[in-house]
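This briefing is intended to be read alongside the sequence and the three-dimensional model. It begins with overall features and then turns to particular sites.

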Amino acid sequence: MLNRRKFISGSALGSVGLLMGKELRSAPRLAAPDLPLVVSTWDVGMDANRAAWDVLSQGGRALDAVEQGVRVTEDSLNCCVGLGGNPDRDGFVTLDACIMDEQGNCGSVAFLERIKHPVSVARRVMEKTPHVMLVGSGAQQFALAEGFPLESGILSEDAQRAYQQWLEKSNYTPPEKNIENKKQHGPFAPTRLASGEWNHDTIGMLALDQKGNLSGSCTTSGAGFKMRGRVGDSPLIGSGLFVDNEVGACVATGQGEEIIRIAGSHLVVEFMRSGLSPEQSCKKAIERLVQCRKDKLGDVQVCFLAIDRSGAIGSFALRPGFTYAVRARHEEKIYKSASWFGN
Ligand code: SD4
């Protein structure tokens with residue numbers, strides 16, 4: 001049963017201050033002269049933000065910033081985003097990404113194999129086709145025609161090791177069916193990594209440029225050892241990402257199936273449209289999920305990160321552990337998000 005007494009209000013969390021070097025609570029609202037601004041999910045967002053900042057600080061466009069920013073993470077061998085990520089259960093890395101600009105233009109790719117920068121392919125879909133989304137071999141064919149190189153498809157060392165380990169049991173257990181985990185930890189058991197951390201196989205980024213225009217991007221290798229062909233929320237406009245220049249923008253990370261069910265990022269933006277702050281809006285979306293799914297949520301994590309058009313930043317997650325990185329003129333910091341289950 002869900003226990004609402006566990007719901008800790010944002011204001012109570014505000015007094016906790018710095019925790020593990022990360023500041024709890026969302027960043028302060030930035031006055032217009034403090035623009036530009038970029039935020040992204042998880043600690044890996046720090047490096048990605050730097051690349052985005054190079055674009056933004058020179059007066060560049062938010063759209064270019066969010067593309068350049070997450071390309072850094074797609075390139076990195078130190079995290080699971082991009083081709084370095086964990087494969088599906090058949091041993092192939094399949095990538096999902098999307099991008100959206102201040103005019104409602106958007107592009108996305110899903111189930112894309114052997115292409116290093118899905119976010120850039122998504123941008124080409126947006127700019128060079130009459131469509132929003134290309135998937136699988138069609139997306140790869142388009143990428144090749146656009147001059148993206150075909151990569152080897154060989155798994156990274158870490159992914160190879162993880163896959164070999166997974167193959168020992170080949171245990172495909174979608175979170176809501178993970179009975180053992182439920183028995184051990186209750187219906188909202190912690191997520192799966194041996195290290196105890198959520199697997200950061202996704203980065204989502206939102207930027208507000210000097211002109212006050214918003215854009216966002218999201219890129220992922222998706223859930224490790226997923227069924228072949230499985231696509232999560234990350235490439236789905238409205239689920240993994242949504243941008244409305246009149247209101248704000250939101251990006252999601254965590255269990256894609258749950259985020260899709262509530263069209264999470266769009267929902268957060270709509271809450272902002274109704275006058276709620278970014279943090280209140282993220283929190284309302286998590287509440288909606290909890291309300292809809294009750295004890296069906298299994299051991300999943302779901303996290304939202306949002307900014308409004310004036311530069312206010314907010315986040316909220318289902319469970320503790322979600323972090324996000326902020327880069328603005330006077331700050332470069334990782335924040336720890338509040339969550340439904342406290343911190
Ligand atoms: C997915 N939302 O494919 C992604 C996974 C994720 O941190 O965000 N992992 O469901």
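The points below are grouped by topic, from the whole chain to single residues.

The model is a predicted one. Its protein has 10 helices and 14 strands, and buried residues account for 57% of its 343 residues.

**Overall architecture**

- Of the contacts between residues at least 6 apart in sequence, 66% join residues at least 24 apart.
- The protein has an accessible surface of about 14,300 Å², and carbon and sulfur atoms contribute 50% of that area.

**Ligand surroundings**

- The ligand has 13 residues around it, and those that come nearest are Asp 201, Arg 230, Asp 233, Thr 253 and Gly 254.
- By class, this shell consists of eight polar, three charged and two nonpolar residues.
- The side chain of Arg 230 places an N or O atom 2.7 Å from an oxygen atom of the ligand.
- For Thr 202, the separation between a side-chain N or O atom and a ligand oxygen atom is 2.8 Å.
- Asp 233 has a polar side-chain atom 2.6 Å from a nitrogen atom of the ligand.

**Cysteines**

- The structure contains zero disulfides.
- Cys 282 takes part in no disulfide, and the nearest cysteine sulfur, belonging to Cys 250, lies 4.9 Å away. The cut-off for a disulfide is a sulfur pair within 2.5 Å.
- Cys 282 counts as buried because its relative accessibility is 0%.
- Cys 303 likewise has 0% relative accessibility and therefore counts as buried.

**Helix H4**

- Helix H4 spans residues 118-128, and eight of its 11 residues are buried, so the helix is largely enclosed by the rest of the structure.
- The buried residues of H4 are Pro 118, Val 119, Ser 120, Val 121, Ala 122, Arg 123, Val 125 and Met 126.
- The cover over these buried residues includes two helices, H3 and H5 (136-145). It also includes strands S4, S5 (106-112), S6 (133-135) and S8 (214-220).

**Thr 94**

- Thr 94 is located in the loop that runs between helix H3 (62-75) and strand S4 (95-100).
- Its relative accessibility is 1%, so Thr 94 counts as buried.
- A polar contact of 2.9 Å links the side chain of Thr 94 to the side chain of Lys 226.
- Leaving out residues up to four places away in sequence, Thr 94 touches Asp 88, Phe 111, Leu 112, Glu 113, Thr 220, Ser 221, Lys 226 and Arg 228.

**Asp 244**

- Asp 244 belongs to strand S9, which covers residues 241-244.
- With a relative accessibility of 17%, Asp 244 counts as buried, because the cut-off is under 20%.
- The side chain of Asp 244 reaches the backbone nitrogen of Glu 246 at 2.9 Å.
- Apart from neighbours within four places in sequence, Asp 244 is in contact with Leu 214, Val 269 and Arg 273.
- Asp 244 and Glu 102 are separated by 142 residues in sequence, while their C-alpha atoms are 6.6 Å apart in space.

Terms used: Residues are numbered from 1 along each chain as its sequence is written. This is a predicted model: local features need pLDDT of at least 70, side-chain atom pairs count only at pLDDT 80 or more; totals for chains, interfaces and linings use all residues. Side-chain values use heavy atoms; hydrogens and water are left out. Helices (H or I, at least four residues) and strands (E, at least two) are DSSP runs, numbered from the N terminus. Buried means under 20% relative accessible area, exposed over 50%, partly exposed in between (1.4 Å probe, protein chains only). Contact means heavy atoms within 4.5 Å. Accessible areas come from the Shrake-Rupley method with a 1.4 Å probe; for residues, only the protein chains shown count as cover. A residue is near a molecule or strand if one of its heavy atoms lies within 4 Å of it. A polar contact is a pair of N or O atoms within 3.5 Å; within protein, one must be able to donate a hydrogen and the other to accept it, and residues adjacent in sequence count only if both atoms are side-chain atoms. Ala, Val, Leu, Ile, Met, Phe, Trp, Tyr, Cys and Pro count as nonpolar, Asp, Glu, Lys and Arg as charged, and the others, Gly among them, as polar.
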